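Hi,

Here's the structure I promised to pass on. Have a look at it first, and then read on for what turned up.

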Amino acid sequence: MKKSNVVAIVGIVFAVVIVFILGILALVKTSSKGRTVESMLKHIKVYENTPTKASISLDDNTLYDELPEISKYPLAVSATADISIEIMTSPEKAGDSYEAWLIDVAERFNKQKLTTQNGNTIALSVRPVSSGLAADYIISNKHTPQLFTPSNYLWGEYVNANGGSVTVLNDRLVGNTAGLLIDKNSEYKSFKDIITAVQDGKINIGYTNPQTSSTGMNLLLSILKMGDENMFSDAGIDSFKRFQQNIPFVAYNTMQMRDSAQKGTLDGMILEYQTYINEPNINKLYNFIPFGIRHDNPLYIVNQEYLSNDEIEAAGIINDFLMSSDSQAVATKYGFNANDDYKSEAQFTGSEVNKALEMYKSNKDNGKDIIAVFVADCSGSMYGDPINQLKSSLSNGMQYINENNYVGLVSYSDDVTIEVPIAKFDMNQKAYFQGGINGLTANGSTASYDAVVVAMNMIEEAKKSNPDAKAMIFLLSDGYQNVGYSLGSITPALDESKIPVYTISYTSDADTDAMRKLSEVNEAATINADSEDIVYKIKSLFNSQM
């Protein structure tokens, strides 16, 4: 056979193989897209338990009761001396890469071996904790450092308004601003124009939970102020409601918000300038529009009345070192001390912060009901501490679920069980919900995605009589699916449903990648935690979403 004929035959065979493979892939893709919740449900064994009531706690517990031990947030710089001072700082000043300013200068300070007038040596330790969480530690007295530097002064006001005690030592440690990020090609160039465009449904932006985020809190207060100088008048609250009405979701953290913006889900987002200028993939795409109060990272003395004279003197020496030209030059290198021409237009008190948070909790859903199904992993891998923490966090988190919401409970191992059908979360439903929680036990395999399909079907049925309700699923698991449908199988139906799935992992070795991918389908958050802090984290999530 001629060589040319052989080449031709090989080429034809190769082409046929490629066409065959592409055809198979197309068939698989079409088959996957064709799967509906209803069709998948036919292949899932679903049981229904008869709900039983259990007594529920009416104690008015707070998030402070569930704060994890401070060891969950380790020191970034640890040092001891005659006078050992700890500074609790917002993470953008004590993290990795461009967020390491306070780590750098603290290490330089400790090398100086400075002393008080009495000759006592001073050491500075640094503990990064988000501003809202740090405020909770101080208010509750569960952990009180000598110094506290949040992103902005709102948290100092908040601490003092809620029974804590902080005293301003320096109202600006390093300069920073909060900003609205908007596409460089956008026609909107001012804060008011952007917020108005969101209120009119022309664009959507992402923001972070104001109960924990300095920038989120700043945005909330700024929108209320934009509506009316008297922020809590009908006009002020209406300003927030009209804004919130066109927000697809409130991000659990900055990372979730940034990922959504980069994927094109959002037209804009909020971010601090120091982060914006250090992220080329963000600052090339977005303009930065400063808004609200400045984020000048004030420095507070905590519980000054209980500190010794040497500790107070040491705090002043540390402040002087941090404000030195060398330390400030390092801060500038990291992206701080920019936008100094921007001035804050308003001032807020601690009582206004408290009222704003109360208003947010009551109005964040604009009167819309929420339909939520909690999906509990009861497979063998959850045996022991994980299942106990799952049950504890659900029981303790119930008080943060508003009564106007509709809630159901599903458990799963090899098969799926509807423990509590969806109903309004009144006292009666809460008793059934607690009864369902009490009955959860761990054994068997892990049909995670089968359970998600069942939850989706429950929500679709519930929405027939409440079509405007906001739907969500909470999957509480270690993430290790090993029987039933795969993530790829259910993704098209989940994507079409637009139901966000918040995933909460209960073991340190959980399959967090799989859970993250599930949450990313419809822009939800993944929470990774262990037995020491899961109760606090899940309560925080319920407080913001439910």
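Predicted model: local features only at pLDDT ≥ 70, side-chain atom pairs only at ≥ 80, totals over all residues.

Helix α3 covers residues 101-112 and helix α13 covers residues 325-333; they pack at an angle of about 155°, and their axes are 9 Å apart. Angles over 145 degrees count as roughly antiparallel, so α3 is roughly antiparallel to α13. Which residues make the contact? On the α3 side they are Trp101, Asp104, Val105 and Arg108, and on the α13 side Ser327, Gln328, Val330 and Ala331.

While you're around there, look at Lys333 too. Its charged end sits over the ring of Tyr334, 5.0 Å from the ring's centre.

Now for the aromatic rings. The count comes to 15 aromatic pairs. One of them is Tyr73 with Tyr137, an edge-to-face pair with 6.3 Å centre to centre and 75° between the planes. Why is this pair worth a look? Tyr73 lies in the loop between β1 (46-48) and β2 (83-89), while Tyr137 lies in helix α4 (residues 131-140), so the pair ties together parts that are 64 residues apart in sequence. Are these two tyrosines, Tyr73 and Tyr137, buried or exposed? Both Tyr73 and Tyr137 are buried.

Another edge-to-face pair is Phe425 with Phe433, at 5.5 Å centre to centre and with 85° between the planes. Buried means under 20% relative accessible area. Phe425 has a value of 0%, so Phe425 is buried. Phe433 also comes out at 0%, so Phe433 is buried as well.

Last stop, Asn466. You'll find Asn466 in the loop between α17 (448-463) and β15 (470-477). Its relative accessible area is 17%, which is under the 20% cut-off, so Asn466 counts as buried. What does Asn466 touch, leaving aside its neighbours within four places in sequence? Asn466 is in contact with Asp369, Ile371 and Tyr406.

Cheers

Notes
Residues numbered from 1 in each chain as written. Heavy atoms only, no water. Phe/Tyr/Trp six-rings, centres within 6.5 Å; stacked < 30°, edge-to-face > 60°. Helix = DSSP H or I, 4+ residues; strand = E, 2+ residues; numbered from the N terminus. Buried < 20%, exposed > 50% of the residue type's maximum accessible area, 1.4 Å probe, protein only. Lys NZ or Arg CZ within 6 Å of the ring centre and 35° of its normal. Contact = heavy atoms within 4.5 Å. Axes fitted to C-alpha atoms, helices over the stretch in contact; angles between N-to-C directions. Parallel < 35°, antiparallel > 145°, perpendicular 65-115°, else oblique.
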